Amino acid sequence: MQHPPGTTGTTTTPTESARSALLGAAAFLGLFVAERMYFQAAQQTAHERLVDAHRAADTIALADERLTMSAHMVAATGEQRWIKRYEANIPLIDEAIERAAKIAPDAVSKRFELETKVSNDRLVELERQSFVHASAGSTSVARGVLDSELYDYHKQVLADGTQRFVAGTIGAVASDLQRLTWQSIILLALGFAAALTAMLSLWRRLERSISQTDAAYRDGEARTRHLAMSDFLTNLPNRLALRDQLRTAIGDAERDHRQFIVMMVDLDRFKPINDRYGHISGDHVLKIVAQRIAAFLAPGEICARYGGDEFVVISTCWGSPDVKLAQGMKLIESLNRPIVVDGQMVQVGASIGIASYPADGTSEDKLLRHADLALYRAKQSGRGLARLFSVDMDIDAGARLAAEEEIRGAIAGGQIIPYFQPIVDVASRQIRGFEALARWQHPTRGIVAPIDFIPVAEAAGELANLTMSMLRQACIATRDLPAELTLAVNISPQQIQDEWLSTKILKVLTETGFPPHRLEIELTENALVTDFTAAKRVIQSLKNLGIGIALDDFGTGYSSLYYLSELQFDKIKIDRSFVRTLHERSESAKIINAIIGLGRSLGVPTMAEGVETERDAKVLGDIGCLTAQGYLYSRPVPADQLLRLLQAPGAGLKTASAA
Ligand code: C2E
Ligand code: MG
Ligand code: MG
């Protein structure tokens, strides 16, 4: 199966993308908060440094003022207490100067050390000199020192230095803050850029993931569509796809004024193969069939699996009805070729119904329905055939459905009953047994013959039910008859493929108390052709139960010696067509003769069907036919007449009694 390519490689799922986005956002937020905290702490430090600087400057100014004032008081009064006060303020100014030197920015601090501190020391020296003079009583000299230019000069240097210190510190703090702001801006910008890059890559990832999801979705959609439109087993288009393609074919044909045919193909013997070999082998058969049909197609033609074992072909083949039928038969031939299943050759075969566009319909519905009707007719006509649709089939279709429904009800309602036709010893005319023949006791139509309802029951899939119901009723009707009398029951070809047939029959025999050795199953040769091995197995298990097997209608079908030699039949029933023409065609007598001879050499008794006249009976007796069945002895009669037949003098079978 050609799937659209799957998605391979790694894909980013939406959850992964969301996780990356969250991580990116969290990292950016973390960076932002850390930066803000750092910035605020730095601001706080700068602020404290400024406050410190102002405090130091104030202290210097205050201490200087006090010293100056104390010095002048010493010079004016010579009092010792002012010297003491003076000395008490010395550490204050020293400490403040020391502190300012620390706070000040490097350049300012150096100059502060070189100039301001030195001037302060010089001032202290001068003031102490003036104290010496004042203490010695020379207050004017003392004042002179304090009024000297040198003293003023150092005073000025101290004031300027202090001012410079404050301004320098403010400048330093400001530039620090500015640097910090820039740092912060750069940091934030970097963070933002990083976040942006992360966002961009995230976006790209998201975009990729969206496109991957989209591709996966399309991929899944294509896959789902493919699955929805194709048959999982054969990989052919399915019923749904067929309708689409048929619609397209109709559209194209309408546009191009072309014609085409729709072939409905149904396998003839698929179910028994499926039942016998199991579903795996059944699937294998369907695949081979699909391959054969596909190989049969011309370019542009279409084949679809329509149902279980039904296929539809839209073929461009066109021509006379014969050409179309030949096309159908060609396909049937290819499907007739044996298929190996479980080491056995089986022949599945097919029937085909054909409808033509536009003659038989211009819509999908009509074409399919008409092809199906033609198929039904093909099946009815004996399978392995192709049929073209004709209008009368359409009229039949409704009736057919109704008939199928009716037969279903008839079987369930016990309207299908056995009639019994005696099987007679040709020489003595003694009854040896009875063949049960189905009759439909129709509420309005009276007694209906099997030819009119057996095919319907088969089409409705009800034949197995019919047989079992017949068997049960026939066993009940004949079980109390003399023990040497046999009962023959017909089974359809499909049933002999049913592995459970002997079990089902045994169940009926047990339930009705009918001894198996009195039962004879009649089957025709076409029951053997589908799957001989399976049929052989079922026949063997019936024989193991003691049930007899009769080969019915011999001479009309394959008349294969192979079957006769492979299977030990208990009876060969010569078809009544030979008896009917016994006196008209010399070949008929020769064939009957040959069949009897064949039976004798194989050790299988033969009997004749359709013996209607004394003349038939005489000729058959002379040839060596031991038993017979026919209107001469009795028509098939209902169960309540069995005793009457048996009680007739010498089994009373001189004249035919009405059925
Ligand atoms: P068959 O098994 O070959 O049955 C013999 C048919 O020949 C019967 O037709 C019978 O009525 C008819 N017949 C007997 N003697 C004469 C005669 O002297 N002249 C003429 N013209 N016909 C005679 P019937 O009952 O119509 O059955 C037809 C076929 O339907 C049977 O052929 C059998 O194949 C099938 N059939 C009947 N009952 C059943 C049934 O319960 N199950 C299945 N699967 N098939 C059945
Ligand atoms: Mg029969
Ligand atoms: Mg027969």
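Asp 52 and Arg 55 sit three residues apart, about one turn, in helix H1 (residues 14–77); helices here are DSSP runs of H or I with at least four residues, strands are runs of E with at least two, and both are numbered from the N terminus. Their side chains meet in a salt bridge at 3.8 Å, N to O. This is a predicted model, where local features need pLDDT of at least 70 and side-chain atom pairs count only at pLDDT 80 or more, while totals for chains, interfaces and linings use all residues. Residues are numbered from 1 along each chain as its sequence is written, chains are lettered from A and ligands numbered from 1 in the order in which they are written, and side-chain values use heavy atoms, with hydrogens and water left out.

**Salt bridges**
- A salt bridge here means a side-chain nitrogen of Lys or Arg within 4 Å of a carboxyl oxygen of Asp or Glu.
- By that rule the count comes to 39 salt bridges.
- Side chains of opposite charge can pair when their charged atoms come close.

**How the protein is divided**
- There's domain 1 (14–229), domain 2 (239–389) and domain 3 (408–652), with bounds that come from an automatic or database domain assignment.
- The centres of domain 2 and domain 3, taken over C-alpha atoms, are 36 Å apart.

**Where domain 2 meets domain 3**
- Ten residues of domain 2 touch eleven residues of domain 3, contact being heavy atoms within 4.5 Å.
- The two domains bury about 1,000 Å² between them, with 49% of that on carbon and sulfur atoms; buried area is the accessible area (1.4 Å probe) that two parts lose on being put together, summed over both.
- Arg 269, Pro 272 and Arg 276 supply 48% of the area domain 2 buries against domain 3, more than any other three residues.
- Two salt bridges cross this interface, and Arg 276 also pairs its side chain with that of Glu 499 in a salt bridge at 3.3 Å, N to O.
- On the domain 2 side, helix H7 (270–277) and strand S5 (344–346) each supply at least two of the touching residues.
- H7 gives the largest share of that side, four residues.

**Around ligand 1**
- Ligand 1 is surrounded by 22 residues, the closest being Asn 490, Asp 552, Arg 576, Glu 612 and Tyr 631; a residue is near if one of its heavy atoms lies within 4 Å.
- Arg 576 has a polar side-chain atom 2.6 Å from an oxygen atom of the ligand.
- For Arg 439, a polar side-chain atom lies 2.9 Å from a ligand oxygen atom.
- Ala 438 brings a polar backbone atom, 2.9 Å from a nitrogen atom of the ligand.

- Most residues other than glycine have a negative phi, and most peptide bonds are trans.
- Tyr 357 and Pro 358 are joined by a cis peptide bond, with omega about 5 degrees.
- Pro 358 is in the loop between strand S6 (350–357) and helix H10 (364–380).
- His 257 has a positive phi, near 50 degrees, and is found in the loop between helix H6 (239–256) and strand S1 (260–267).

Technical notes
Polar contact = N/O pair within 3.5 Å; in protein donor to acceptor, adjacent residues only side chain to side chain.
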